[in-house]
Amino acid sequence: MTRKRVVMESVLFAAAIYVGYFVFMMLQGMVLTQRHVRNIDLAQQYEQAESLQAQVAFGMIERNSEWFTVAVMGGFIVLGSLYGSIRWMLAKRRPQS
């Protein structure tokens, strides 16, 4: 196994974890929004999206901050490095056939 392959797998693994996390958060937000508005007549009364958004208040608003960007990039590097080092050690341990 080459180092190039391990690096590529590490990057893809970390990216898959982050994409999965964001997809989960989006689906969770959709489900929570659907469960909040149970009465269809009530939902039809609010034809503008702004009024519905003002009433549904859960989650948090994340502003684009430097610390958030640093944390995301650091987490990406840590996940990739951890996966790569474990994968490299397991590949070295495995007998070559």
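These legends walk you through a few close-up views of the structure above. The model is predicted, so to speak of local features a pLDDT of at least 70 is needed, side-chain atom pairs count only at pLDDT 80 or more, and totals for chains, interfaces and linings use all residues. Residues are numbered from 1 along each chain as its sequence is written, and side-chain values use heavy atoms, with hydrogens and water left out.

**View 1. Helix α4 spans residues 66-93.** Helices here are DSSP runs (H or I, at least four residues), numbered from the N terminus. The 28 residues of α4 reach 40 Å from first C-alpha to last, close to the 40 Å expected at 1.5 Å a residue; that expected span is 1.5 Å times one less than the number of residues. G80, G84, R87 and A91 of α4 are buried (under 20% relative accessible area, with exposed over 50% and partly exposed in between; 1.4 Å probe, protein chains only).

**View 2. F13 and Y83 form a stacked aromatic pair.** Their centres are 4.5 Å apart, with 15° between the planes. Rings of Phe, Tyr and Trp (its six-membered ring) pair if their centres lie within 6.5 Å; planes under 30 degrees apart count as stacked, over 60 as edge-to-face and the rest as tilted. F13 is partly exposed at 32% relative accessibility, and Y83 is partly exposed at 25%.

**View 3. Y18 and F76 make a tilted pair.** Here the ring centres lie 6.1 Å apart and the planes meet at 45°. Y18 sits in helix α1 and F76 in helix α4, 58 residues apart.

Notes:
Helix = DSSP H or I, 4+ residues; strand = E, 2+ residues; numbered from the N terminus.
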